[in-house]
Amino acid sequence: MSTFLDVQVPTEWLRRARTGDASAQRSIYSALARPVYTLLRRLVLRPAVAEELAQEVFLEVLRNLGAYSGSGSFAGWVRSIAVSRALMHLRSPWHGRLLPEDAEGAIAGRAVPQGDDQECGSDLERALNALPDLTRSIVWLHDVEGYTHAEIARLYDRTASFSKSQLARAHAALRDALEPRTGDQECTLASRN
Amino acid sequence: MHARLEELISLRDRQPVDAATVSHVASCAPCAAEIRRLAALRAELTQLQTLSPPELWPLIEARLGGASGSVPRRRWMQLSAAGSIAALVLALAASLPQLRVADPVPSAGASTQVPLQTLVARSQRLETTLRQLPQRPAVEVAANAVAIDALQSRIQRLDMELASDAAVESDPDRLQELWTQRVSLLNSLFGVRYAEAVHAGYRATLEQGTL
């Protein structure tokens, strides 16, 4: 379940933050920093990129609090901005890994970026990080954040069938990566036990 | 014939699938086991540890431009921000000739062709420089806003083509053309944004009464 669903931001914080109250703005940041950063790290992998994007997300959120209608969850609104920022980054041409063709051929082949701090992540994290960006982002948005195929289709300007097929590819790749568990990894987390 | 993975995921998510698949899975132990495995994997994904960011608030607060705090502090921040804008614009002005001369993109019809990698690198540098420009002013000049929107729209369309059109990848000439256009558009965008920033910095300086 998405960690955003656990975040409750009091309307009083929002009211004060709209007037420029720094302590309210900071409270909003503190409540949402972890879910926003986690989501960005899962989507873009690189810590430095995630940190930069997280700053941009909070700048956009805090500068545009007036645009939040109050009809849905505030955390959900922030999440939609974070997802949009991450996908904009992934779509940049030189990043270039969002091509469906890439997902066809390179599911098992991509290494976790240099300098990442996930050397001791779980087997599942390693398998997830090895997926191409497109496939990884879709499995995360669907299985963890709870986006529907129709919502994912809108985000990627594709069809729901495309989202379904990418999700199936992601699960096939994860299965292939996780099934031959040999137990020779140094940093196996309790989640695998 | 077992159900396809896509169908099993739909069943896991309680989404509709055709009756034949439902009937098959009801009596097929491997397919039922696969659905359980998929559900367990989803549960594992949701239980992956959340990640703590480094302390980003000071950076965010600074980039918010002192929109908070007491009135004297806000005034101080405004002065500081105006000074920063002026300094940044000057720094960018210093780097502008280098940006434009270092590896120029030939105009249409020019005989020499810039290597694709150079175009991509130049595109990246221009985007980095654009990100370093001050935030766009709250009060925009209409002509600037229209020009910036138009340029950004054209860049987005190019990006869509570059990112999603498989035919482009296998056509070096088209790829070259698109990246050349992209650099050219980014150059234009930088020009407009730069002029806007200079104007905003000049106006801020005037408002401070220090000019």
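## Confidence of the model

The model is predicted, and the predictor gives the complex an ipTM of 0.80 together with a pTM of 0.61. For chain B the mean pLDDT is 75, with 69% of the residues of this chain reaching 70 or more. Among the elements of chain B, the lowest mean pLDDT, 47, belongs to helix α5 (residues 71-101), whereas α1(B) has the highest, at 95.

A further stretch of chain B, residues 97-111, also has pLDDT that stays under 50, and for it the model has 12 contacts beyond four places in sequence. Where pLDDT is low, the predicted coordinates should not be read in detail.

## Make-up of chain B

Chain B contains 9 helices and 0 strands, and its pattern along the sequence reads α-α-α-α-α-α-α-α-α. Of the 211 residues in chain B, 17% are buried. When the contacts in chain B with a separation of 6 or more are considered, residues 24 or more positions apart account for 69% of them.

## Packing of α1(B) against α3(B)

Two packed helices are described by the angle between their axes and the distance between the axes. In chain B, the axes of helix α1 (residues 5-12) and helix α3 (residues 29-47) come within 9 Å of each other and cross at roughly 65°, and the crossing of α1(B) and α3(B) is right-handed.

On the side of α1(B), the residues in contact are B:L8, B:I9, B:L11 and B:R12, and they meet B:C31, B:E34, B:I35, B:L38 and B:A39 in α3(B). Sorted by class, the contact of α1(B) with α3(B) comprises 7 nonpolar and 2 charged residues, with no polar residues.

## Contact between the chains

The contact between the chains involves 32 residues of chain B and 39 residues of chain A. On the side of chain B that touches chain A, at least two residues are supplied by each of α1, α3, α4 (57-63), α6 (116-132) and α7 (142-164) of chain B, and α3(B) gives the most, with 7 residues. By class, the residues on this side of chain B divide into 19 nonpolar, 7 polar and 6 charged.

## Nonpolar cores

The largest nonpolar core has 52 residues, of which A:V36, A:L40, A:A54, A:V78, A:A82 and A:A86 touch the most other members. Two or more residues of this core come from each of α2 (22-44), α3 (47-63), α4 (74-91), α6 (123-129), α7 (133-144), α8 (149-156) and α9 (160-178) of chain A, and also from α1 of chain B. The largest share, 11 residues, is that of α2(A).

Residues of both chains are in contact with A:A54: leaving out residues up to four places away in sequence, A:A54 touches A:V36, A:Y37 and A:L40 as well as B:P53 and B:L56.

## Selected loop residues

In the loop between α7 and α8 of chain A lies A:Y147, which counts as buried because 21 C-beta neighbours fall inside 10 Å. Leaving aside neighbours within four places in sequence, A:Y147 is in contact with A:L141, A:H142 and A:I152. Although A:Y147 and A:S2 are 145 residues apart along the chain, their C-alpha atoms are separated by 9.8 Å.

Positive phi values in residues other than glycine occur at A:L45, where phi is near 70°, and at B:R14, where phi is about 60°. A:L45 lies in the loop between α2 and α3 of chain A, and with 19 other C-beta atoms within 10 Å A:L45 is partly exposed, because being buried would require 20 or more. B:R14, in the loop between α1 and α2 (19-26) of chain B, has 7 C-beta neighbours inside 10 Å and therefore counts as exposed.

Key:
Residues numbered from 1 in each chain as written. Chains lettered and ligands numbered in written order. Predicted model: local features only at pLDDT ≥ 70, side-chain atom pairs only at ≥ 80, totals over all residues. Axes fitted to C-alpha atoms, helices over the stretch in contact; angles between N-to-C directions. Helix = DSSP H or I, 4+ residues; strand = E, 2+ residues; numbered from the N terminus. Left-handed = near helix turned anticlockwise from the far one by under 90°. Contact = placed C-beta atoms within 7 Å. Nonpolar A, V, L, I, M, F, W, Y, C, P; charged D, E, K, R; others polar. pLDDT = per-residue confidence, 0-100. Core = buried A, V, L, I, M, F, W, Y, C linked by C-beta atoms within 7 Å. Buried ≥ 20, exposed ≤ 12 C-beta atoms within 10 Å, placed from the backbone.
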